[in-house]
Amino acid sequence: MNETTIAYPGEEGFFGNLHWGKLMMWVFLASDVMGFASLIAGYFYLRMLSVDWPDSGELLNVMLTSINTVFLLSSSFTMAWAVDAIKRNDQRAMLRQLGITIFLGTLFLLIQGYEYFELFDLFSETFDERPFSGHLFASTFFLLTGFHAFHVFVGLVYLGCISVAAARGRYSAENYLALDIAGLFWHFVDWVWVAVFLSLYII
Amino acid sequence: MTTVTLDTVQSHKESFLTTYVFSMDHKMIGKQFLIASFLMLFLGGCLAMAVRWQLGFPDTPLPGGTLLPETMVDEDGFMLPEFYNVLFSMHASIMIFFAVIPLLNGWFANFVLPLQIGARDMASPLLNMISFWFYVLAGIIVLSGFFVEGGAAAAGWTSYPPLSALAGMGQTLWIIGVMILGFSSIMGSINYITTVFKLRAPGMAFGRMPLPVWAIFITAFMTLLATPVLTTAMIMLLLDNTLSTSFFLPDIIVSGELLETSGGKPLLYQHIFWFYSHPAVYIMIMPAFGVVSEVISVFSRKPIFGYKMMVGSLISIAGMSFIVWAHHMYQSGLNATAAKFFMFTTILITIPPTIIIFNWLATLLGGNIRLRVPMLHALAFLSMFMIGGLSGLFLASTYGDIFFHDTYFVVAHLHYVLFGGSLFGIFAGTTYWFPKAFGRMMNQRLGQIHFWLTLIFFNLTFFTMHFLGFTGHMRRIAEPMNYPFLESTQGLHTFITISALILGASQLIFAFDFLRSIFRGEEAPANPWKANTLEWSVKMPGHGNWGTTVPIVYHGPYEYSHPQVQEDFLPQHLHRAGIN
């Protein structure tokens with residue numbers, strides 16, 4: 001064997017102990033942040049210049065979505081526990097926590113879907129039989145929540161693939177990078193919801 | 001410290017499909033970007049020729065015009081005004097999104113970046129391949145607009161609503177195509193950033209990175225942070241266009257009838273669009289800065305002057321590029337105080353490029369200058385870009401912009417930076433790395449002829465447009481002679497058109513030379529320009545670049561004419577005591 005030991009500069013200094021795959025996810029998330037930031041900024045621009053913006057507390061189901069928010073944010077903790085479990089090489093705990101994460105994510109989407117159905121009726125009444133395009137309130141609401149729901153959906157598919165690999169015993173205390181990277185994406189999807197929720201429902 | 005088992009990194013056998021089509025080798029992907037973008041460049045050039053014909057010879061039918069469908073020309077072969085709108089919109093869209101950006105950020109970035117930092121490939125070759133095919137897909141979608149009802153997009157490359165939001169199928173395809181192209185750019189930039197952070201060869205500290213790498217690296221940050229903003233603008237525009245939402249649409253009356261839209265803000269689109277597109281202006285020039293720095297240093301046989309200042313200037317351009325966007329919107333009813341802020345930042349952002357230009361001049365000073373073809377293009381870049389920068393100052397000032405906004409002065413300015421800047425940079429880099437990419441030399445004599453014709457007729461074409469701007473000539477109008485105050489400009493228009501046709505024709509010399517040299521060019525030596533950077537030390541043509549060895553870097557990339565070295569260059573991977 002022709003083996004050599006070499007010091008690569010990429011292993012020291014900036015992000016020295018960060019694997020390139022994980023760095024790539026961080027870089028991607030920076031990009032995604034800008035996407036959400038742009039939509040939220042656009043939302044506030046339209047809202048502040050509007051003369052007939054409805055009161056979100058009256059039209060939206062704030063209580064239900066607050067509970068839903070708790071579900072989504074708890075899935076962030078279960079994701080972290082899944083990574084923690086595999087660090088201790090506890091396969092069963094990892095699979096259990098992954099399962100709960102996916103369950104909570106799916107629950108979030110289902111509750112949001114239920115809310116969409118209700119809002120379609122409500123917005124039809126309020127906005128001239130055009131639930132999606134009748135008023136910018138409805139358009140921005142569906143755009144922002146839809147953009148986020150798309151991220152949740154992608155995250156669920158991603159976690160689904162990871163779970164299949166996990167169930168086949170692909171991860172161990174030495175090798176859990178893919179799980180870690182997927183977790184990073186999932187945490188982002190969970191916590192960016194806070195910004196979306198605050199902008200649309202609370203402020 | 002990493003233990004590398006070198007025996008396992010030899011390249012494996014590839015089939016035709018994985019070598020030439022779905023290749024994951026960064027060199028092949030770079031060449032795919034090169035060929036595809038040159039085709040787009042040719043197409044965009046043809047559209048420009050048609051635009052010029054309409055303006056230069058409005059009384060003569062378009063040559064071959066009778067062959068075109070009746071949605072484009074009337075029965076005598078005269079161009080319809082609607083088709084003129086399609087032509088200038090698609091000319092700009094193709095040139096910006098499908099030629100200049102992919103040539104700089106696809107071809108140079110993919111081909112040069114891993115080679116110059118001594119990496120075996122990009123961090124994720126798979127993502128790299130997907131990025132290229134997204135670019136192809138986006139191109140097909142945008143171009144298919146020519147074949148749908150109503151023709152391709154005709155709302156300018158900026159596609160301002162309400163016009164674009166109310167336009168037909170061609171515009172919808174344009175929006176989808178640009179969105180997909182955005183994904184391609186983001187994937188590329190994620191790869192470049194990660195590759196530079198993690199995959200530099202041993203010894204390749206940040207302070208030893210060649211300037212093209214720095215430029216591409218910094219550009220990737222701009223692409224990464226600006227492109228998703230464009231994507232969101234495109235999502236909203238697409239919804240306005242197809243699902244009749246009104247993000248960008250206020251109450252509009254079309255032919256006496258009030259549309260259903262209400263409450264939207266067209267200005268929001270302009271803000272979001274330019275928040276992307278002003279950084280994009282630098283995305284379209286910054287890799288060329290890197291390329292030209294490399295070429296000027298190599299062909300002056302001198303270290304680049306002010307390496308650290310160069311890097312600092314590039315970083316400050318990238319940072320400031322995010323706070324100048326509204327200087328495109330002075331005439332849109334922007335708040336006057338905000339306009340003053342953007343005027344201030346815009347004038348501030350001219351300082352770092354000036355530092356870069358002075359660094360190039362200082363590099364040339366006292367150098368042992370060799371006027372080979374890449375160097376000629378680099379020198380043209382330097383001078384033409386400077387003219388473009390100076391005319392930009394008139395537009396940056398809110399007072400000057402009142403007069404010059406949306407006139408041919410703007411057209412002249414943007415062509416001086418995009419053609420005189422980016423495209424000369426692309427020619428410089430392409431002729432410089434051609435021997436590395438194809439193993440053969442391009443013809444020096446044909447290159448010289450192409451260069452001089454391009455330089456002369458470029459200036460005759462676009463310098464003249466400044467004068468059209470002085471007359472108050474608006475851009476984007478199909479029949480200027482319908483306006484009495486523009487009747488005197490017909491002579492200038494004809495002159496510009498003749499120059500533009502010769503300019504276009506002289507590009508065929510480059511195309512011929514390029515294609516001929518790929519197959520019949522003179523065999524290139526390993527290091528034809530006697531350059532220092534790592535790419536010239538690669539021997540292996542296939543995947544993996546350095547085969548079973550790892551290049552180790554001992555000093556900076558610009559050690560030319562070092563007094564302790566006998567020859568006038570010292571490659572980065574060769575060790576000399578006392579030089580680091």
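Modeller: Of the 203 residues in chain A, 36% count as buried (20 or more other C-beta atoms within 10 Å of a residue's own; exposed means 12 or fewer, partly exposed lies in between, and C-beta atoms are placed from the backbone). The model is a predicted one, in which local features need pLDDT of at least 70 and side-chain atom pairs count only at pLDDT 80 or more, whereas totals for chains, interfaces and linings use all residues. Residues are numbered from 1 along each chain as its sequence is written, while chains are lettered from A and ligands numbered from 1 in the order in which they are written.

Chain A contains 6 helices and 1 strand (DSSP runs numbered from the N terminus: H or I of at least four residues for helices, E of at least two for strands). Its elements follow the order β-α-α-α-α-α-α along the sequence. The C-alpha trace of chain A spans about 75 × 35 × 25 Å along its principal axes. Among contacts in chain A between residues at least 6 apart in sequence, 77% join residues at least 24 apart; a contact requires backbone-placed C-beta atoms within 7 Å.

The close look begins with one pair of helices in chain A. Helix 1 of chain A (residues 20-48) packs against helix 6 of chain A (residues 177-202) at an angle of about 15°, and their axes are 10 Å apart (axes are lines fitted to C-alpha atoms, for helices over the stretch in contact, with angles from 0 to 180 degrees between N-to-C directions). Because of that angle, helix 1 of chain A is roughly parallel to helix 6 of chain A (under 35 degrees; over 145 is roughly antiparallel, 65 to 115 roughly perpendicular, the rest oblique). Residues making the contact include A:Met25, A:Leu29, A:Phe36 and A:Ile40 from helix 1 of chain A, together with A:Ile181, A:Leu184, A:Phe188 and A:Val192 from helix 6 of chain A. By class, this contact of helix 1 with helix 6 of chain A has 12 nonpolar, 2 polar and 3 charged residues (Ala, Val, Leu, Ile, Met, Phe, Trp, Tyr, Cys and Pro are nonpolar, Asp, Glu, Lys and Arg charged, the others, Gly among them, polar).

Among the residues in contact are B:Tyr408, B:Phe409, B:His415 and B:Phe419 of helix 14 of chain B, and B:Phe458, B:Phe462, B:Met465 and B:Leu468 of helix 15 of chain B. The contact of helix 14 with helix 15 of chain B has 10 nonpolar, 6 polar and no charged residues.

Within helix 15 of chain B, the buried residues include B:His450, B:Phe451, B:Thr454 and B:Leu455. Their cover includes helix 12 (373-396), helix 13 (398-404), helix 14 (408-438) and helix 16 (490-520) of chain B. After helix 15 of chain B comes B:Gly472, with a positive phi near 85°.

Elsewhere in chain B, B:Ala154 lies in the loop between helix 4 (125-143) and helix 5 (169-198) of chain B. B:Ala154 counts as buried because it has 25 C-beta neighbours inside 10 Å. Although B:Ala154 and B:Phe88 are 66 residues apart in sequence, their C-alpha atoms are 7.8 Å apart. Leaving aside neighbours within four places in sequence, B:Ala154 contacts B:Glu82, B:Asn85, B:Val86, B:Ser89, B:Ala167 and B:Gly170. In helix 5 of chain B, 26 of the 30 residues are buried, so this helix is largely enclosed by the rest of the structure.

Conventions:
Two residues are in contact if their C-beta atoms, placed from the backbone, lie within 7 Å.
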